[in-house]
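Visitor: Please take me through this structure one feature at a time, with the general idea before each case.

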Amino acid sequence: MTGRSHMPWRAGERVVEAMPSGFLSMDADWRITYVNQAGVATLGLSREELIGRDFWEVFPANVDNEFGRAYRRAVATGEPVSVEGFYPAPLNRWFEVQAIPAEGGLLCYFSDVTDRRTGRERLAMMARVSAELAGTLDVDSAAARIPRLIVPVLGDWCVLTVLDDDGRPRDVGWWHVDPSRRALVERYAAVRLTSMPVTSPVVRALLGETVVAAAGDVAALMPEGEARDLLRLLGPHSGVTLPLRGRGRTLGALTLYFDGDRVMEEADLATAQEVADRAGLALDNVRLFSQQRQLAEELQRSLLTGAFTHDQAEVVVRYTPAAEAARVGGDWYDAFLQPCGATMLVIGDVVGHDTAAAAAMGQLRSLLRGIATYSDAGPGEVLRGLDASMAQLDVGTYATAAVARFEQTPDELTRGVTRMRWSNAGHLPPLVINPDGTLAALADWRGELLLGVDAETSRGESVVTLDGGTTVLLFTDGLIESRGGDLDQGMARLRTAAAELADRSLDELCDELLDRLVHGQPEDDVALVAIRLRG
């Protein structure tokens with residue numbers, strides 16, 4: 001900066017005074033030479049406190065902050081410099097500043113952009129919250145992340161509470177702007193609800209009321225103990241608790257706390273209520289989906305066979321619905337005795353994954369069971385009869401199925417062996433695990449024509465003799481099919497796992513196969529029926 005103090009802008013002083021933004025000028029020695037009325041109002045200092053003073057003494061924070069660096073850069077380069085940043089106490093505001101070098105000094109135009117920036121932060125926060133809640137079906141994980149998204153925009157720390165299926169409150173999410181205090185908040189969230197009387201803000205919010213209260217008043221309501229001690233240690237001066245509403249009912253509460261001299265403004269409260277309403281609606285969506293899923297699964301299970309026992313064999317069944325679907329579909333299994341005393345196992349899969357597929361599955365299962373138990377026919381004839389019945393009744397669907405009948409003559413019973421007679425309508429072949437743990441290959445991949453295509457097609461049968469202790473698995477493709485893989489790869493995984501688990505009990509074998517191959521999150525419905533022959 002030069003040593004001259006002539007400021008050519010003075011001719012437009014009236015214009016400068018009329019500007020809504022603040023204006024301040026400095027001479028070559030960084031002494032303030034002028035400030036307009038808007039600048040006086042923004043800075044909260046009088047002209048007498050500003051003009052003639054050393055700029056760095058009046059605003060010591062500028063020595064090392066982004067504003068001070070911008071001023072020095074403008075002087076050094078002779079080019080205007082713009083900067084936006086937060087000015088600490090005593091201003092505690094966001095400013096947008098333009099520093100312009102002038103003959104003999106520096107001109108600064110500045111505007112308080114705190115409200116504008118806060119508005120942008122609120123909008124960005126709402127976008128993050130909406131993205132987090134959109135389509136969520138996991139209440140606890142979504143609720144645990146919401147506090148991290150709204151702190152510090154809406155409060156210095158917060159706790160989010162949800163009601164479980166029995167109406168009991170649980171604190172499932174919490175966060176503090178200060179990392180060193182997050183462990184305290186976590187512990188407080190773990191113990192506070194048991195210490196809250198019915199007059200506390202969180203209980204009132206769970207009854208549908210928005211409550212603003214001083215932290216001291218809340219602590220006074222609590223009995224002596226760890227929760228009250230932690231609240232006082234955390235030291236907020238106030239808080240607000242808002243209900244999470246969804247379709248006419250309250251499903252939780254959001255409590256925001258404020259430290260220091262921070263207060264909740266009207267716009268903050270409106271934004272917090274919007275967050276609470278969106279969270280409440282998301283929680284209600286999860287509740288409704290869970291109810292529908294449970295109803296659909298119970299309906300599906302009601303159409304399937306329960307436990308089955310036999311003197312000469314042990315039978316185990318498993319059904320696991322798809323994790324991402326409507327949890328209702330066309331997979332089915334069955335196990336029953338025919339009039340001749342033979343045990344018949346059935347596995348099938350109706351095309352489709354919806355309630356229509358489930359309804360068709362119920363029809364086909366009942367038809368097949370009726371044909372098999374009335375006619376006492378073998379697997380091939382049972383499938384031919386089912387195909388004919390589907391055409392006669394105009395069922396209008398397609399399905400795959402495999403039927404296996406386990407039969408013994410008196411001589412075979414004495415020798416401890418069993419014949420398995422089976423037929424396959426486009427389904428995966430059974431998997432046989434011999435007593436010594438080796439696997440038997442019964443057939444190539446493709447069976448005969450699936451059901452519903454041609455009612456006149458003939459159905460063949462295959463027969464194999466099995467020793468006592470042999471295990472036979474019938475399953476649907478959900479057990480071995482996955483995105484990015486094919487059935488050959490899936491079948492190879494199944495064979496490897498089955499060989500490793502051959503010595504397990506039948507219940508353990510089935511459970512472990514499900515765990516290893518679909519990890520509890522199947523992409524498609526999985527039906528499995530297994531039989532282990534006794535010696």
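Predicted model: local features only at pLDDT ≥ 70, side-chain atom pairs only at ≥ 80, totals over all residues.

Guide: Helices, of at least four residues, and strands, of at least two, are DSSP runs numbered from the N terminus.

Visitor: What is the relative accessibility of Cys340, and which residues does it touch?

Guide: A residue is called buried under 20% relative accessible area and exposed over 50%, with partly exposed in between. Cys340 has 47% relative accessibility, so it counts as partly exposed, and its place is the loop between β13 (331-337) and β14 (343-350). Leaving aside residues up to four places away in sequence, Cys340 touches Asp376 and Arg405. Cys340 and Asp376 are 36 residues apart in sequence, yet their C-alpha atoms are 6.6 Å apart in space.

Visitor: For the chain as a whole, what percentage of the residues count as buried?

Guide: Of its 535 residues, 47% count as buried. The chain exposes about 25,000 Å², of which carbon and sulfur atoms supply 51%. As for how the sequence folds back on itself, among contacts between residues at least 6 apart in sequence, 62% join residues at least 24 apart.

Visitor: Now the sheets: what is the order of the strands in the open sheet of five?

Guide: In a regular strand the side chains alternate between the two faces of the sheet. Here the order of the five strands is β2-β1-β5-β4-β3, and the pairing is antiparallel. Because β2 (32-35) and β3 (81-87) stand at the edges with a single partner strand each, one side of each has no neighbour in the sheet. From one strand to the next, the twist averages 25°.

Visitor: How many bridges pair β4 with β5, and which helix packs on the sheet, touching β3, β4 and β5?

Guide: Strand β4, residues 93-102, pairs with strand β5, residues 105-112, in the antiparallel sense over eight bridges, and Glu96 stands opposite Ser111 of β5. Helix α5, residues 66-77, packs on the sheet and touches β3, β4 and β5, its direction making about 165° with that of β3. Helix α6, residues 114-133, also lies across β3, β4 and β5, and runs at about 130° to β4.

Visitor: Why is strand β10 described as largely enclosed by the rest of the structure?

Guide: Strand β10 covers residues 249-258, and nine of its 10 residues are buried, so the rest of the structure largely encloses it. Strand β6 (residues 157-163) pairs with β10 in the antiparallel sense over six bridges, with Leu254 of β10 as the bridge partner of Leu160. Strand β9 (residues 238-246) pairs with β10, also antiparallel, over nine bridges, and Ser238 has Phe258 of β10 as its bridge partner. The hairpin of β9 and β10 has two residues between the strands, and there Arg247 takes a positive phi near 50°.

Visitor: Which residue meets Glu500 in a salt bridge?

Guide: The side chain of Arg516 does so, at 2.5 Å from N to O; this pair links Glu500 in helix α16 (residues 487-500) with Arg516 in helix α17 (residues 506-518), 16 residues apart. Arg516 is partly exposed, with a relative accessible area of 34%. Asp164 forms a salt bridge with Arg168, where the closest N and O atoms are 3.4 Å apart. Finally, salt bridges also link Arg405, Glu407, Glu412, Arg419, Arg421 and Glu461 in a network, and Arg405 is one of the residues that Cys340 touches.

Methods. Residues numbered from 1 in each chain as written. Heavy atoms only, no water. Pairing = 2+ DSSP bridges. Axes fitted to C-alpha atoms, helices over the stretch in contact; angles between N-to-C directions. Contact = heavy atoms within 4.5 Å. Buried < 20%, exposed > 50% of the residue type's maximum accessible area, 1.4 Å probe, protein only. Areas by Shrake-Rupley, 256 points an atom, 1.4 Å probe, with all protein chains shown as cover. Salt bridge = Lys/Arg side-chain N within 4 Å of Asp/Glu carboxyl O.
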